[in-house]
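This note sets out several points for a reader who is meeting the structure for the first time. Please keep the sequence and the model in view while reading.

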Amino acid sequence: MMTLTWNHENELASPNVVPEPTDAIWPCQPNTKTGLKEKGFEFLAEMERLHIIADVSHLSDKGFWDIAEHSTRPFAASHSNCRALAPHCRNLTDEMIRAMAERGGLVGLNYCAGFLDNQPGNEPLPQHCGPDGKARGPLQASGRH
């Protein structure tokens, strides 16, 4: 498994963290404008040729959909939760989670507090697993961020 970016833009793709002029990156709005670059599409094709799974956890929303539209294999979000439950820009929308589940992808949970609902008395991690079995796809737990 391999990602195409981290929290900063590179030659392959754009992340979902777009620093404001103050360099404050949290909270942030999802980046829906920039995704994979030409070299990123070439990189994705080579990853698939080598049977390397693309990890979308740090990609922009646009980058996620670029992977979804251009990949021929399942892909993963190694550490992203459900945006409907916690509106962090790196969490996945239900539409994204459904797209991954339809493709046989994998979503790993992120234990970082900013990616979870931190309301007192809630047990947020199970909610991200989709207790109703809808729109949450296959999940795995990850403590990294």
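This is a predicted model: local features need pLDDT of at least 70, side-chain atom pairs count only at pLDDT 80 or more; totals for chains, interfaces and linings use all residues.

1. Overall make-up. The protein has four helices and five strands. Read from the N terminus, these elements follow the order β-α-β-α-β-α-β-α-β.

2. Burial and contacts. Of the 145 residues in the protein, 45% are buried. Among contacts with a separation of 6 or more, 62% are between residues 24 or more positions apart.

3. Dimensions of helix H1. Helix H1 covers residues 38-49, which makes 12 residues. From its first C-alpha to its last, H1 reaches 17 Å, close to the 16 Å expected at 1.5 Å a residue.

4. Which residues of H1 are buried? They are Gly40, Leu44, Met47 and Glu48. Seen down the axis of H1, these buried residues fall within an arc of 95 degrees, so they line one face of the helix. The face of H1 turned away from the buried side carries the exposed residues Glu38 and Arg49.

5. What covers H1. The cover over the buried residues of H1 includes strand E1 (2-3), strand E2 (54-55) and helix H2 (61-70).

6. His51 lies in the loop between H1 and E2. Its phi is positive, at about 60 degrees, although His51 is not a glycine. Is His51 buried or exposed? Its relative accessibility is 57%, and the cut-off for an exposed residue is over 50%, so His51 counts as exposed.

7. Helix H2 and its neighbours. The buried residues of H2 are Asp61, Gly63, Phe64, Asp66, Ile67 and Ala68. These residues pack against H1, E2 and helix H3 (94-102).

8. A pair of alanines. Ala99 is placed in helix H3. Because its relative accessibility is 14%, Ala99 counts as buried. Ala99 and Ala68 are 31 residues apart in sequence, and their C-alpha atoms are 7.4 Å apart in space. Ala68 is itself one of the buried residues of H2.

9. Arg103 is found in the loop between H3 and strand E4 (106-110). With a relative accessibility of 27%, Arg103 counts as partly exposed. Which residues does Arg103 touch, not counting residues up to four places away in sequence? They are Ala68, Ser71, Thr72, Arg73, Pro74 and Phe75. For Arg73, the separation from Arg103 is 30 residues in sequence and 7.4 Å in space, C-alpha to C-alpha.

10. The cavity. How many cavities of 30 Å³ or more does a search of the whole structure find? The search finds one. The volume of the largest cavity is about 40 Å³. Its lining consists of Asn16, Val56, Leu59, Ser60, Asp61, Phe64, Arg83, Arg90, Asn91, Leu92 and Met96. By class, the lining has five nonpolar, three polar and three charged residues. Asp61 and Phe64, both in this lining, are also among the buried residues of H2.

Key
Residues are numbered from 1 along each chain as its sequence is written. Side-chain values use heavy atoms; hydrogens and water are left out. On a 1 Å grid over the protein atoms alone, a cavity is a set of points where a 1.4 Å probe fits but cannot get out, and a pocket is an open set with protein on both sides within 12 Å along at least five of seven lines; lining residues have an atom within 4 Å of a point. Grid points are joined across faces, edges and corners, and a volume is the space filled by probe spheres set on the points. Ala, Val, Leu, Ile, Met, Phe, Trp, Tyr, Cys and Pro count as nonpolar, Asp, Glu, Lys and Arg as charged, and the others, Gly among them, as polar. Helices (H or I, at least four residues) and strands (E, at least two) are DSSP runs, numbered from the N terminus. The expected span of a helix is 1.5 Å times one less than its number of residues. Buried means under 20% relative accessible area, exposed over 50%, partly exposed in between (1.4 Å probe, protein chains only). The arc is that of the directions from the helix axis to the C-beta atoms. Contact means heavy atoms within 4.5 Å.
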